[in-house]
Amino acid sequence: MSVPVSLDFDFRGNNEKDTLDYLASIHRELYYWRSCHKIKLFRVWGLTYQDRYAKDIDLWVHFATKVANVECFQLGIYVDNYERYEIPHFNFYLSHCQLNPIGSVNWSSLVSLSIGDVELTNGQMEVVPTNVASLVNARLHGFESQKSPSYLKELLHSVAHVKNLELGSGCIECLSILELSGWRFPPSSQKVLELSVAFEQLNFSGICSFLESSLDLETLVIKWDHESETELLSNFTNEDEQTRRLETHHFNGSFPHLKTIKFLNFYGSVLPLVKYLLKHAIVLEEFVITAAFLESDVSPDYDIMALEFLSLTRSSPHAKVIFSY
């Protein structure tokens, strides 16, 4: 078979019989498509995990990585604190899984990588993907480990060449910890960068330092994450210290390709970051700032903020600042 196909499975049953029947139907489908020339998407979602289903998931991972030519593999399972699936090899999309790899992972055909809510166990450094020159998109969200900054450091080296990069709030917190330690971020070549952050002074220096390693950037999107906290970062610094670090932060260069910036659903003080970006984005065309609206918000505060944003100095003569709430 030479026609690219997508295999998409969602568990919807509420009882054991429905689950077992659906598992059997998935296996039948995989057997049928095992010789397919190319599978664009293989997605399995919504299984409530029990240890007895581990072999079934092993089969899906084996199918995606060894048997079929799968371009994008997404796996999402629900777990509790007692039973967690240990994936045998790094896959395309991990959500609520526990990583316990055997040996290093080398996936030369990897195109899209997404990691979210993953617990790292012993040997987590070996799971960093290598030889991923074909990787175009990377989406990195939370890692459940105190060693997350070290893991992210290695992972950033592996994905430095991707064109589209998305970092979750947990990664942003790790960036700030790495910046505090004096680590220099590797040069990266992404064109589009999307950040999900808590708009707190604690994170600004890490964001700025990472941006300064991304001089090919054309589009920057920052979204406010209302569930984000900086618990780990607070062990390394405090708000007063980070405010001082941001105020004394010096960047002699510029962002020569950055034309579009979007702040979406922001809440809190972002004025220092806005000043920084307007100062260094020399070809900026549009800066869109959309404030979060909650019933408790007092609109005059946003009116004052809008005046501040619109009065800021811009290095780009063509930059438009659009503020809404």
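I count a polar contact as a pair of N or O atoms within 3.5 Å, where one must be able to donate a hydrogen and the other to accept it. I'm working from a predicted model here.

**Arg43**

I started with Arg43, which sits in strand S2. Its side chain makes a polar contact with the side chain of Asp8, at 2.8 Å. Buried or exposed, I wondered about Arg43? Buried means under 20% relative accessible area, and Arg43 comes in at 17%, so I put it down as buried. Then I listed what Arg43 touches, skipping neighbours within four places in sequence: Leu7, Asp8, Phe9, Asp10 and Gln74.

**Helix H1**

Next I looked at H1, residues 16-32. The helix has 17 residues and spans 25 Å from first C-alpha to last, close to the 24 Å expected at 1.5 Å a residue. At its start I found a side-chain oxygen of Asn15 within 3.2 Å of the backbone nitrogen of Lys17.

Which residues of H1 are buried? I got Thr19, Leu23, Ser25, Ile26 and Leu30. Looking down the axis of H1, I saw these buried residues fall within an arc of 165°, so they line one face of the helix. Lys17, Arg28 and Tyr31 are exposed, on the other side of H1. I also checked what covers the buried residues of H1, and the cover includes strand S1 (5-10), strand S2 (39-48) and helix H2 (54-67).

**Cysteines**

How many disulfides are there? I counted zero, taking sulfur pairs within 2.5 Å. Cys171 is in no disulfide, and the nearest cysteine sulfur, that of Cys174, is 6.2 Å away. Cys171 has 0% relative accessibility, so I logged it as buried. Cys36 is at 5%, so it also goes down as buried.

Nonpolar side chains tend to be buried together in soluble globular proteins. The largest nonpolar core here has 56 residues, and Leu220, Phe263, Leu277, Phe287 and Phe309 touch the most other members. Helix H7 (residues 271-280) gives the largest share of this core, six residues.

Leaving out neighbours within four places in sequence, Phe287 is in contact with Ile261, Phe263, Val274, Leu277, Leu278, Lys320, Val321 and Ile322.

Note on methods
Residues are numbered from 1 along each chain as its sequence is written. This is a predicted model: local features need pLDDT of at least 70, side-chain atom pairs count only at pLDDT 80 or more; totals for chains, interfaces and linings use all residues. Side-chain values use heavy atoms; hydrogens and water are left out. Helices (H or I, at least four residues) and strands (E, at least two) are DSSP runs, numbered from the N terminus. The expected span of a helix is 1.5 Å times one less than its number of residues. Buried means under 20% relative accessible area, exposed over 50%, partly exposed in between (1.4 Å probe, protein chains only). The arc is that of the directions from the helix axis to the C-beta atoms. Contact means heavy atoms within 4.5 Å. A nonpolar core is a set of buried Ala, Val, Leu, Ile, Met, Phe, Trp, Tyr and Cys residues joined through side-chain atoms within 4.5 Å.
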